[in-house]
Every structure is written in structure tokens, then in C-alpha cells.
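Please walk me through this structure, beginning with the way one chain is built and moving on to the way the chains meet.

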Amino acid sequence: MMKLSPKLSQKFSFFILFCATMLAIIPVIIIVSIIIKNGASAVSWEFLSSMPKDGMRAGGILPAIIGTLSIVACAIVVTIPIGVCAAIYLNEYAKDNLLTRIIKLAIVNLAGIPSVVYGLFGLGVFVMFLELGVSIISGALTLSIMELPVIVTTARGALNSVPQSFREASLALGVSRWQTIRYVVLPNALPGILTGSILSIARISGETAPILFTAAAFYVPHLPNTVFDQVMALPYHLYIISTQIPNMPKNIIYGTALVLLMLVLSMSLIAIIARLYFRKKRKW
Amino acid sequence: MSNDLRKFKDKFIEKIIFFCGILSIIFVILIFSFLFKEGIAFFKDFSPIKFIVGQFWYPASKPPQFGILSLIIGSIFVTAGACIIAVPIGIASALFISEVAPKGIRDILKSIVELMAAIPSVVIGFIGMVSLVPLVRSIFGIPTGLTAFSGSIVLAFMAMPTIVTISEDAIRSVPWQYKEGALALGATKWQTIRRIVLKAAMPGIIAAIMLGIGRVIGETMAVMMVTGNAAQIPHTIFEPVRTMTATIAAEMGETVKGGLHYRALFAIGLVLFSITFLVNFIADLFLGRGKKK
């Protein structure tokens, strides 16, 4: 076999790496364009704002949208304060001891637990044991535990990127530790915490397995009144209409997929752009 | 506000912060003990050995059979397939993004990878079902495209963001002195990447692969939609399979709450929990080792 010169071999290898990257990225573009191409015709104000009709084969997806938004809103209200506080503890207070190491290990493992296992846990604890039933609140609490490790990790990264000298300057002025965190560290870490939170919202909006047995219903003829109601949810609705209902019009399925995808991708995109912007603006 | 009051308030808030800090431990213990409680109750009525090595999963027959061997093999098939596809492509992409691509393009590529991670699994499952499954069927001329192979492709795509982002982190944290040293000795950029960077970043890359595997084993919706869900031991990757996750998701709705079938599904959850716990623990060890260097 002929041996390539180092220069040629570099060119060749870089080309292979380039091809691999394209192979990884092109499916995203294909998925998004298939859904936009087939779903765009179905999405209209009518589709977004009316109830499903005719065994979900016609009409809109309003209850599924409202359901998803209410589950996500409840989950995020619970998980962000807890996650940010946990991050503050880990980054500002925790000493390098056994307890801290166990906390970190616990976070790593929470992040690794399969979403369907969270669903089981939610079913067992919130739906059955606490008797909250299949409801918005059960689903939201399940999702909030699932999202906790992600919030903690991103918030911790944001806190960690605030320079140590900021804290020292404040402490040297006689400000207490908590006041320093509250008025110096947190404001500077806020952009990072916010972008991380938006990414989390996007992620849990698309989760199906954890709400499968804790919140989601096949069909509910009215909109939810309280957090103890069962709701329809966009991802679960998409699952049902694409697998369980025969003779489902294709454009409604694609339309639902498009709404879900746009909800998730637009939030992620906002977070990503905001992060790039804040990174540029940062003065340290 | 008087000084004492402020001090008291500070202390109070710090207590809350500490509590939130240890909450993660409490949740892990809660989740484990809950799965354990239901799992143990199941094993009182059904032998754990028959559960693990039993070939037949017939929850509705009389007497019911709860052997999860076919489900475990189903999970292993799709996971192994996904790794074979995702690991080389993922590492190559991470190398390209961090070492080869110009800076402006790098940010765009990284953003796309992040968007990839945000696509809901049910959307990926749906697209897999309507486009990939018929394609697999016609290319390989098999009776159904709902196979372990389709599942592997879909899961490879879903593991990609994890593998790329974490490998990329590891590659970027290789000290620049290593690279400059190699380049100064006359090595080309590619030789430096292959012989120096890749080696130094290896612990992080292994951690990335482990976390990718963890993600794949736990994936539910997409897998359920493209693998055909037949609880049988497959002989090739071109046969339908059913994973542990899909079994839980598909059957929990029809069980009697508190019954044997319900508990059997919790026992599967316990198995899944243990596997992912182990995988993540190993990944964490490698990540720690990478950082210490």
C-alpha cells in the first residue's frame, strides 16, 4: 500500500471528519424540513385555537397546547428556585467533603435516570401515594424532579463563571456572605441561569414518558380549571394520533408535530442566541 | 433593619439553601426506595431468577409469565447498534468542531448540535416511523421495517448530541502546551490531533460514550414507535424487538394499580435504574479522572 505524505493524509482525514459532522447534522435538517413541508398547510389560527372534533380527526389542538403549557409552567415554578438554591449551595457554601461528593454523585445519577422511570416514580408517589391523581400537578412535580439536575448543573456553571475577585471585593467591604451572593454574585450569574432555564423549559415541553401515567389524558372535552385536572398534552397527543388512531389525516399529525417542534426549537434558539449575546457583552 | 435581625435572616436563608443542596440526595434515595419497595413486593410472588432469565413475557396468560430476558436482549440489541453508529461519527464530529472548523462555523455547528438535543423524542419517533421504517423495509427487502436496526439508527441520532458535546468539552480542555509541543516538533495538525489530543482527551471521551449509552438505554418513546414491540428474542437486527422502557410505557396504562403486572413493571424500572446508575457512575469516574490531569 502506498503511504500518503503527512500533508495529504491530513487533508484526507480532515475531509473524513467533515463528512462525519455532516452525517451527524444533516438528519436534523431533514427532520425539520419534512415536518415544515408537510405540516405548514395544517397550521392555522383555527387549528391552534379550537377543540378537536370527530374523534380528533378534525378540528384543532387547543387543549393539548394549554395542557402542555400548564404542566410546564407548574414544573418550572417548582424546579427553578430549588435548582438555583442547590447550585448556590454547591458553588458558594459547600466544602470539599464527603457530603458534597455524595450530592454531586446524586445529581449525576438523577440526570441519568430514564424518563420512563421518573414516570413510574411519579405514578407511585404523586398519583397513588399522595393521592393527587392523574393531574397537572402530578405531572409537573414528576417533571420538576427530572429537570432538577439540569438546572443545578447549568446554574452552577453560571455562578462559577463569576470571578472570585467580585466576591472578595464585596466581602472586604464587610458585606455578609449571603448579601454578597444576593447582590453581587446572583445578578452577574443571572444571564447564564436564565438561558439554562429556557433550555430546560424547551426540553420538558417535549417530554412524553414522564407524563404518560401522571398527567396526560387521551381526550378531555374541556380545558383544565385547576391543577388537579387531567389534561391533554402536545407530545402525548402526537404519540396517540400517530400510532393509536386509524385513518388519521396525515396533515393533522404533521401539523401537531410542527407546533410541538416550533415551540421547543424557538425556545432553544432564543436561549442559544441570548447566551452568545451575553458572552460577547461580558466584560470580564 | 437591625443587625441581629439581618443575621437571623441570613442564617435562615442559608438553611434553606443547604436543604435544597441535599434535596438531590433525598430524591435519589426516594426514587430508589420506591422502586425497591414495589420490586421486592413483586419478587415475593415471582422468583427473581425466573424474572431475569425467563424467556416469555406473557403478563395476561394464566398463570402469567414475567420473564424479561427477551426485553433485556432487545435493549442490548438497539443500544449496541446505536453505539456502533453514533460513537465513531460523534467523536469525529467533536474533533472537527473543536479542532478543524474555523471559529465562526464552530459556533453554528455547536448550536445545531444543541438544537438536535432539544427535538422531542416523540417527534423523532414519528419521523422515524413515517420515513425511516419504510426505507429500511424496502432497502433490505424484509417483511417489516419496524426492527432493532431502525431503533438503532433513531437512537444513534438521539445519543449524538450527548457524545458530541461532552467529547468536545474533553478535547477542548486538553492543555495547549501539549499541542504546541507536538507542532513545534514538526508534527502536522492531524498527527497532533490523532496522537496527542485524542489520547489526552480519552477519559472524557469514554465518559461521553458512557453517558450516551445511558441516554440510549433509557430512551422510551422513539424506540417504542420504531422497533415493532414484539417481546421475542431476536436472532438478527432485522427483526422486531421490544425494549424494557417500551414495555413499561406501553403496558402501565392497562394494569390494575397495585397488582402483580403493575409491580412487574416497577421491577423492570428497578433493573433500568440499576443499569443507568452503574453506567453513570462509571462515566463520572472517567470524568473525574480527566479533570484531575
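Helices and strands are taken here as DSSP runs, a helix having at least four residues and a strand at least two, and they are numbered from the N terminus. In this predicted model, the elements of chain B, read from the N terminus on, follow the order α-α-β-β-α-α-α-α-α-α-α-α-α-α, which comes to 12 helices and 2 strands.

The C-alpha trace of chain B spans about 75 × 70 × 35 Å along its principal axes. Chain B has 293 residues, and 51% of them count as buried.

Helix H3 of chain A, residues 62–93, packs with helix H1 of chain B, residues 3–45, at an angle of about 100 degrees, and their axes are 7 Å apart. Angles of 65 to 115 degrees count as roughly perpendicular, and H3(A) and H1(B) are therefore roughly perpendicular to each other. On the H3(A) side the contact is made by A:Ile82, A:Cys85, A:Ala86, A:Ile88, A:Tyr89, A:Leu90 and A:Tyr93, while H1(B) brings B:Ile16, B:Ile17, B:Phe18, B:Cys20, B:Gly21, B:Leu23 and B:Ser24. By class, the contact of these two helices has 12 nonpolar and 2 polar residues, and no charged ones.

Which residues touch the most other members of the largest nonpolar core? In this core of 194 residues they are A:Ile71, A:Ala233, A:Ala257 and B:Val123. The largest share of the core comes from H3(A), with 16 residues. Domain 1 (3–45) and domain 2 (57–292) of chain B both give residues to this core, so the core lies between them.

Leaving aside residues up to four places away in sequence, A:Ile71 touches A:Ile136, A:Gly139, A:Ala140, A:Leu143, A:Ile211, A:Ala215, A:Val231 and A:Ala233, and A:Ala233 is itself one of the residues that touch the most other members of the core.

Technical notes
Residues are numbered from 1 along each chain as its sequence is written. Chains are lettered from A and ligands numbered from 1 in the order in which they are written. This is a predicted model: local features need pLDDT of at least 70, side-chain atom pairs count only at pLDDT 80 or more; totals for chains, interfaces and linings use all residues. Axes are lines fitted to C-alpha atoms, for helices over the stretch in contact, and angles run from 0 to 180 degrees between N-to-C directions. Angles under 35 degrees count as roughly parallel, over 145 as roughly antiparallel, 65 to 115 as roughly perpendicular and the rest as oblique. Two residues are in contact if their C-beta atoms, placed from the backbone, lie within 7 Å. Ala, Val, Leu, Ile, Met, Phe, Trp, Tyr, Cys and Pro count as nonpolar, Asp, Glu, Lys and Arg as charged, and the others, Gly among them, as polar. A residue is buried if 20 or more other C-beta atoms lie within 10 Å of its own, exposed if 12 or fewer, and partly exposed in between; C-beta atoms are placed from the backbone. A nonpolar core is a set of buried Ala, Val, Leu, Ile, Met, Phe, Trp, Tyr and Cys residues joined through C-beta atoms within 7 Å. Domain bounds come from an automatic or database domain assignment.
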